[in-house]
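Hi,

Here is the structure you were after.

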Amino acid sequence: MLINKKKLKNFLNFYWLRPENAIVKYFQSYSWSDIKWKGKSVDISTGDGSYVFLHCGGEFDEKFDFYIDTKSEKFTHKKFVDIYDSFSKKYKPIIKKIPDKKFTIGTDWKDGLLAKAKCLNFFNKTIKHDNNFLPFPFEDSEFKFIHSNSLYWTNNPVKLLKDVNRVLDKDGLAVLEFSTQNMLSTLYDLKPILNKAAFNILDRKRTLEMKGIKGDIKDWVNYIKKSNFIIEDIRWAWPNKIITDFWNTGLRPISHLLIKMANNMSISERKKIKKEWVNIFYEILLPLSTKPKTYNPKKASYVTFIIRKK
């Protein structure tokens, strides 16, 4: 496994307070790092755009990161709250390196995230759209390349995938990342061990509210084929069970506290602590990601499909 150490450090720097997110996002990016495309492109459900920005070779200054502008004060262990769907004047990306490639369009249904994505100057256009309301606001065969890592958040996967097929050019390519039922496997393993309060702190109702994670890879293969796609390849996007376990636990339970502490530091102090923090997690996570046996894609917790139209 050939690791791009510089890119891994870029992910760790940006998502430093949640190293479990940094490592899985790096490997999601790694899973399609060989894919090249030309022509009109769209990232569906791009969120704040930072993941594909980093994937395409962009770099942020160490003074800027994912936690600059959040609603951490609204965090609760009792229900899922997207504390990152926030946008204010203090959100000013400091870009050290412009990406090697850009996307034509980025979509998302959350105003705060979409406003952040627009600030990157990485998309020619950003469009607000909820994937549960179809069709997409695009023409037939409009795109040569489509990417999404969020299509499992849907009430009707076949209907959604069929509309992805509609807007993809006959010679185009799509890279779609999906979770499987193994994504939350750690929580199911821990449930008999933890008391209710401890389990709820780790779970935050993910096992009840997250859509698209109760099926396995066979379900996604079936949905994709029903939507008139040809599957060119299926790849693991998270490398192994250790990393899946780390993502399920990690620093999630105290992330709101870490964000508050970090945002009360001076810029110089924050930068100094972040540098040491990133180096520590880099040394720990690199061997944990690369030395254990990697998933068989058919049993992976998070997978990447490379697909084309029939």
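**Cysteines**

Let's start with cysteine 56, which counts as buried because its relative accessibility is 7% (buried means under 20% relative accessible area, exposed over 50%, and partly exposed in between, using a 1.4 Å probe and protein chains only). Before going further: this is a predicted model, where local features need pLDDT of at least 70 and side-chain atom pairs count only at pLDDT 80 or more, while totals for chains, interfaces and linings use all residues. Residues are numbered from 1 along each chain as its sequence is written, and side-chain values use heavy atoms, with hydrogens and water left out.

As you know, a disulfide is a covalent bond between the sulfur atoms of two cysteines. The working rule here is a pair of cysteine sulfur atoms within 2.5 Å, and by that rule the count is zero disulfides. Cysteine 56 is in no disulfide, and the nearest cysteine sulfur, in cysteine 119, is 18 Å away. Cysteine 119 is partly exposed, with a relative accessible area of 27%.

A word on names: helices (H or I, at least four residues) and strands (E, at least two) are DSSP runs numbered from the N terminus. Two packed helices are described by the angle between their axes and the distance between the axes. The axes are lines fitted to C-alpha atoms, for helices over the stretch in contact, and the angles run from 0 to 180 degrees between N-to-C directions.

Helix H1 (residues 5–14) and helix H12 (residues 267–290) have axes that come within 10 Å and cross at roughly 125 degrees. That angle makes H1 oblique to H12 (under 35 degrees is roughly parallel, over 145 roughly antiparallel, 65 to 115 roughly perpendicular, and the rest oblique). On the H1 side, the contact (heavy atoms within 4.5 Å) is made by Lys5, Leu8, Lys9, Leu12 and Asn13, and on the H12 side by Lys274, Val278, Asn279, Tyr282, Leu285 and Leu286. Sorted by type, the residues of this H1 and H12 contact are six nonpolar, two polar and three charged (Ala, Val, Leu, Ile, Met, Phe, Trp, Tyr, Cys and Pro count as nonpolar, Asp, Glu, Lys and Arg as charged, and the others, Gly among them, as polar).

H1 is mostly covered, with seven of its ten residues buried. Those are Lys7, Leu8, Asn10, Phe11, Leu12, Asn13 and Phe14, and what they pack against is H2, helix H3 (50–55), strand S2 (59–60) and H12.

Helix H2 (residues 19–30) also packs on H12, at an angle of about 45 degrees and with the axes 11 Å apart. H2 is therefore oblique to H12, and the crossing is right-handed. Pro19, Ile23 and Phe27 of H2 meet Phe281, Leu285 and Ser289 of H12. This contact of H2 with H12 has five nonpolar residues, one polar and no charged.

- Threonine 244 lies in helix H10 (residues 241–248) and is buried, with a relative accessible area of 0%. Beyond its neighbours within four places in sequence, threonine 244 is in contact with Asn182, Met183, Ser185, Thr186, Trp238, Tyr295 and Ser301.
- Lysine 102 is in the loop between strand S3 (95–97) and strand S4 (103–108). Lysine 102 is partly exposed at 40% and, not counting residues up to four places away in sequence, touches Trp37, Ser41, Asn121 and Phe122.

- A cis peptide bond, with omega about 10 degrees, joins leucine 134 and proline 135. Proline 135 is in the loop between strand S5 (123–128) and strand S6 (143–148).
- Serine 45 has a phi near 60 degrees, a positive value in a residue other than glycine. Serine 45 sits in the loop between strand S1 (41–44) and H3, and is buried at 10% relative accessibility.
- Asparagine 228 has a positive phi too, near 65 degrees. Its loop runs between helix H9 (217–226) and strand S8 (229–236), and at 40% relative accessibility asparagine 228 is partly exposed.

Cheers

How values were computed: Left-handed = near helix turned anticlockwise from the far one by under 90°.
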